[in-house]
Amino acid sequence: MPKYLRTSGITAGVEELIREARERLYIISPYLKLSDNIRELLNDKEREKAEVRIIFGKQELNPTEMSYLQNLKYVRLYFSKNLHAKCYLNEKKMIISSMNLYEFSQQNNREMGILIERDNEADKQVYEDAWKDIESIMNNATDFSYVEAPKDIAELKKETIKPFIKKEEFKTESVQSTKSYDGKYLSATALSKELGIVSKDLISKFENLKWIERKNDEWALTNLGKNKGGQIRKGQYGEYIAWPELVIKELK
């Protein structure tokens, strides 16, 4: 049956859970600030090529944390705006707790949690039920796999760059479209789904076609891209380029 954990037990349990992960590791925590121990364990998972999924719920992710996580090839980030749950699991164990994976919480707060072991017959159904909810959270979260990591804090203060802009949405500051269409417009993310390719490949295709170009380390529309109907739109995470639906035929 589930085992009750206090603060120190949660911290030790999460570290053990990460260490023992072989196939999958899921970290669900609204706030993230990784301790040195957690970073070392994630580095080990990177070397082992274990699938790591991290779902967080606050946009104020420290630029250093963001850059570190993006440099891990086998880590995928998701953002869930209404996330309050805290849960950590691998293919065999799960910890549901009140504790964020936040160094201050681990060292200073009084937390409670439970350990669930999938191989324990009394725990198996609880694990499976929680896993279904985790899948739902992830499926409804924003995939930040291709998010551009913020620059260092000093540069952020100078430039006031928003920390979460999707690369596939090609953030740009000043380019305006010179041609418009009456039909439906799609983001690069939506276009990639229509074409059945990943966003990074679509970005490369746009660049090869000379519809976009890099300016000041950001994607911008070229004159050709404007003539293809590319437009600057404002979304939840900043500006992005939208494309008329009719370009799908040309991109296939």
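A salt bridge here means a side-chain nitrogen of Lys or Arg within 4 Å of a carboxyl oxygen of Asp or Glu. Searching the whole structure with that rule turns up 10 salt bridges.

A word on the ground rules. This is a predicted model, where local features need pLDDT of at least 70 and side-chain atom pairs count only at pLDDT 80 or more, while totals for chains, interfaces and linings use all residues. Residues are numbered from 1 along each chain as its sequence is written, and side-chain values use heavy atoms, with hydrogens and water left out.

One of the salt bridges joins the side chains of E20 and K93, at 3.3 Å from N to O. E20 belongs to helix α1 and K93 to strand β7, so the pair, 73 residues apart, links distant parts of the chain. Helices are DSSP runs of H or I with at least four residues, and strands are runs of E with at least two, numbered from the N terminus.

Now the sheet. Its 8 strands run in the order β1-β9-β7-β6-β2-β4-β5-β10, giving an open sheet with mixed pairing; two strands pair if DSSP finds at least two bridges between them. β1 (3–6) and β10 (142–143) sit at the edges with a single partner strand each, so one side of each has no neighbour in the sheet. Further in, β7 (residues 93–97) and β9 (residues 112–117) run antiparallel and are joined by 5 bridges. K93 turns up again here, standing opposite E117 in β9. Helix α1 packs on this sheet, touching β1, β2 (24–28), β6 (87–90), β7 and β9, with its direction at about 150° to that of β7.

Next, two helix pairs. Axes are lines fitted to C-alpha atoms, for helices over the stretch in contact, and angles run from 0 to 180 degrees between N-to-C directions.

| Helix pair | Axes come within | Crossing angle |
|---|---|---|
| α1 (residues 7–20) and α2 (residues 36–48) | 9 Å | roughly 15° |
| α7 (residues 188–195) and α8 (residues 199–208) | 9 Å | roughly 100° |

That makes α1 roughly parallel to α2 (an angle under 35 degrees). V14, E15, I18 and R19 of α1 meet N37, I38, L41 and K45 of α2, where contact means heavy atoms within 4.5 Å. By class, these residues are 4 nonpolar, 1 polar and 3 charged.

α7 and α8 are instead roughly perpendicular (65 to 115 degrees). Their contact brings A188, T189, L191, S192 and L195 of α7 to S199, L202 and F206 of α8. It has 5 nonpolar, 3 polar and no charged residues. In this scheme Ala, Val, Leu, Ile, Met, Phe, Trp, Tyr, Cys and Pro count as nonpolar, Asp, Glu, Lys and Arg as charged, and the others, Gly among them, as polar.

Conventions
Parallel < 35°, antiparallel > 145°, perpendicular 65-115°, else oblique.
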